[in-house]
Amino acid sequence: MADIVFAFDPAIDRPLPRLEATPTAVAEPLATAAIDALLSAAAAARQADAAALVLFGRVLDPQRASPAQAAMLRSLITGLAAHGCRTVWLAADTASCADIARMLGEPAGLEFVTPTSPLSLDIRGIMVEIVSANDRHATVASAFITPTDATHTPHSTLERRIVVGWDACHWNAERWDDEPITTDHRWMHTADPLTNTFCVWGSRRRPTITAGMHHLPALQARSAHEAAAGSCGMLTLLDHPTVDEGVLVSARRNQLDSSTDWRHNWREVPTHHVAWKTITIASATGGDEELATSIWSAIEALSLDAKGPLEIIRCHVECGTSVARRVRVAEISSETLARVRQLYDARTFRVWCQEVLADPGESLIALGHSRSGAKPGSTTSFSTALADIVNRLEQEPLHAIPQDLARESAWLALELIEST
């Protein structure tokens, strides 16, 4: 059972990017993954008998939504309302609220929250205030200020405050365009002392947050570079002790007391319908047939569910630091993929091998001074000097160049030289 379900960045009008040369059994799940993930979150809310489904991030843009998308979302909202579950939409401003309501035909059960207009709800006898912290430059501070005596007395029925914020990382960025931790995240560090405040931060990456804050990934990842495949968050406002624990409900002084801190009653439920996975195999020699056989053996070894999410596989081939082998893998990748895809069967393995490449994260230590036998100060080859640079960067974790990108760049440079 859960009282509130949180769904971040459904973006149902922005389907996942299409993959090249995919059969219908792969293309269709990709095209509907965003909508299916939102439907899974709604199903989780009904199954948990939730009182509210909170939508934040990108949901459905009135300027680009199709009539079918709007009708589907309206049906979802009214269906939840019929089960006693309200839909709370965190919008940018009042004008956006009007546009969304007009697009959906003002369905029953839809409520709005803006950075300037929090929403108070009575959920199972507990007054809950939902605050939007998206406009961090103007209203975040007020979200954590204790209300004045004019609006809040010691006997107020307000028992819970939920602050919801999010960032736009990975919406229009590549994996190397990671959003830095800036003042935009400071609001999360101010809420820890407040025992009646629960904080949710939606992001497609894994930000650095403090204890008491809850990171929530998007309902459905859009690439292999995101922090998680996709899930919704579920919060229970009360966690009463059971009779077996020797505490009767009638014996508690406050009927709204929980057996534990209510902010710990948080869990995530998977909602993704497409997932990305990277497998690594070793292949120092051989052509496309041998490589395809090794890849398929690795895929068969995976724990796969024929009814589970579609798995998009990226295969990294370890080449034993042989630059010539890395170039060879690139040359036979198309033929290798064709052989692997011939074995695809949607009824048995919901797996699609999308890419085969030499492992970009393979260590270059063996090419450096310490392993190659070269002495510091002596004339070395380009590969040894480049390996030394990358190895030095890896020992400086705060360097501007991430370690994985440094390794990948070095291998690309060596492969370019080898192939010319």
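Predicted model: local features only at pLDDT ≥ 70, side-chain atom pairs only at ≥ 80, totals over all residues.

User: What pLDDT does the protein average?

Analyst: The average is 81, and 77% of the residues score at least 70. pLDDT is the predictor's confidence in each residue, from 0 to 100. Over residues 135-157 the value is below 50, and this stretch has 27 contacts in the model beyond near neighbours in sequence. Residues 242-253 are also below 50, with 9 such contacts. A contact means heavy atoms within 4.5 Å.

User: Okay, on to helix α3. Which of its residues are buried?

Analyst: In α3 (residues 94-104), they are C97, I100, A101 and L104. Buried means under 20% relative accessible area, exposed means over 50%, and partly exposed is in between (1.4 Å probe, protein chains only). Helices (H or I, at least four residues) and strands (E, at least two) are DSSP runs, numbered from the N terminus.

User: Why do they line one face of the helix?

Analyst: Seen down the axis of α3, the buried residues fall within an arc of 100°, so they line one face. That arc is taken from the directions from the helix axis to the C-beta atoms. An α-helix has 3.6 residues a turn, so residues three or four places apart point the same way.

User: And what covers them?

Analyst: The cover includes α2 (67-82), β3 (86-90) and β4 (110-113).

User: What caps the N-terminal end of α3?

Analyst: D93 does, with a side-chain oxygen 3.3 Å from the backbone nitrogen of A95. Just after α3, G105 takes a positive phi of about 75°.

User: Which residue has a positive phi of about 45° although it is not a glycine?

Analyst: That is A11, in the loop between β1 (4-8) and α1 (24-47). A11 is buried, at 1% relative accessible area. R124 is not a glycine either, and has a positive phi of about 55°. R124 sits in the loop between β5 (119-123) and β6 (126-132) and is partly exposed at 40% relative accessibility.

User: Switching to cysteines: how many disulfides?

Analyst: The count is 0, taking a disulfide as a pair of cysteine sulfur atoms within 2.5 Å. C85 is buried at 2% relative accessibility, and C319 is buried at 3%.

Terms used
Residues numbered from 1 in each chain as written. Heavy atoms only, no water. Polar contact = N/O pair within 3.5 Å; in protein donor to acceptor, adjacent residues only side chain to side chain.
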